[in-house]
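Trainee: Hi! Could you walk me through this one?
Mentor: Happy to, let's have a look together.

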Amino acid sequence: MALDDKSAEFHDFFERHHAELARLARLLTGEAETADDLAADAFVALWHRWDRVLHADHPVAYARGVVTDMARARVRELTRERRRLRLLRALRPRHAQSRDGGAVMDVPRALARLPFRRRACVVLRHALDLSEKDTALVLGTSRGTVRSRTSKAVAELQRFLGAQAADELTGTRN
């Protein structure tokens, strides 16, 4: 295949899937400002493996997997950074802080509290409306694992957000 043909196919793939992959990155990381950068980095990686992507059984699932892996790395990086900041704060003198216990948690913060794999299942299943099969394909796991992680994530979201808000988010009813 000529380079021009490959470039045209890649450009078409980019145009069709960039918005979805950026949204996936935003939902997985909770960072709207870096989601486009993460999606762009994923497309760079996809371009370098374009022959592999084209020959994959499900090229979009392959791309979602790349974004998911990059998002996982970003979340791990942020977790390490937050841990370092907590250690630094622990060294400072403490001041009394008041907290509004009745404050409502927003969805991105609730998603950020979930373990990454559960968050990925909820985002792929409910925000991107993928089937269990497609979610399993993206995450490289079984449908049963997707079902279990999604169920546990929804239960956690119900605790964080309240049952009604979590049901609205996931489109489920208890």
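**Salt bridges and a helix pair**

Mentor: Let's start with Asp69, which is partly exposed, with a relative accessible area of 45%. Keep in mind that this is a predicted model.

Trainee: Okay! Which side chain does Asp69 meet in a salt bridge?

Mentor: The partner is Arg72, at 3.1 Å from N to O. Both residues lie in helix 4, three residues apart, which is about one turn of the helix.

Trainee: And how many salt bridges does the count come to?

Mentor: The count comes to eight. Another one joins the side chains of Arg74 and Glu31 (2.9 Å, N to O). Arg74 lies in helix 4 and Glu31 in the loop between helix 1 and helix 2, so this pair ties together parts that are 43 residues apart in sequence.

Trainee: Is Glu31 buried or exposed?

Mentor: Glu31 is buried, with a relative accessible area of 10%, while Arg74 is partly exposed at 22%. Glu31 and Arg74 also belong to a network of salt bridges with Glu77.

Trainee: New topic: at what angle do the axes of helix 6 and helix 8 cross?

Mentor: Roughly 95 degrees, and the axes come within 8 Å. That angle falls between 65 and 115 degrees, so helix 6 is roughly perpendicular to helix 8.

Trainee: Which residues make the contact?

Mentor: Among them are Arg118 and Cys121 of helix 6, and Ala153 and Glu156 of helix 8. The contact residues divide into six nonpolar, two polar and six charged.

Trainee: What do Arg118 and Glu156 do there?

Mentor: Their side chains meet in a salt bridge (2.2 Å, N to O). Arg118 is in helix 6 and Glu156 in helix 8, so the pair ties together parts 38 residues apart in sequence.

Key. Residues are numbered from 1 along each chain as its sequence is written. This is a predicted model: local features need pLDDT of at least 70, side-chain atom pairs count only at pLDDT 80 or more; totals for chains, interfaces and linings use all residues. Side-chain values use heavy atoms; hydrogens and water are left out. Axes are lines fitted to C-alpha atoms, for helices over the stretch in contact, and angles run from 0 to 180 degrees between N-to-C directions. Helices (H or I, at least four residues) and strands (E, at least two) are DSSP runs, numbered from the N terminus. Angles under 35 degrees count as roughly parallel, over 145 as roughly antiparallel, 65 to 115 as roughly perpendicular and the rest as oblique. Contact means heavy atoms within 4.5 Å. Ala, Val, Leu, Ile, Met, Phe, Trp, Tyr, Cys and Pro count as nonpolar, Asp, Glu, Lys and Arg as charged, and the others, Gly among them, as polar. A salt bridge is a side-chain nitrogen of Lys or Arg within 4 Å of a carboxyl oxygen of Asp or Glu. Buried means under 20% relative accessible area, exposed over 50%, partly exposed in between (1.4 Å probe, protein chains only).
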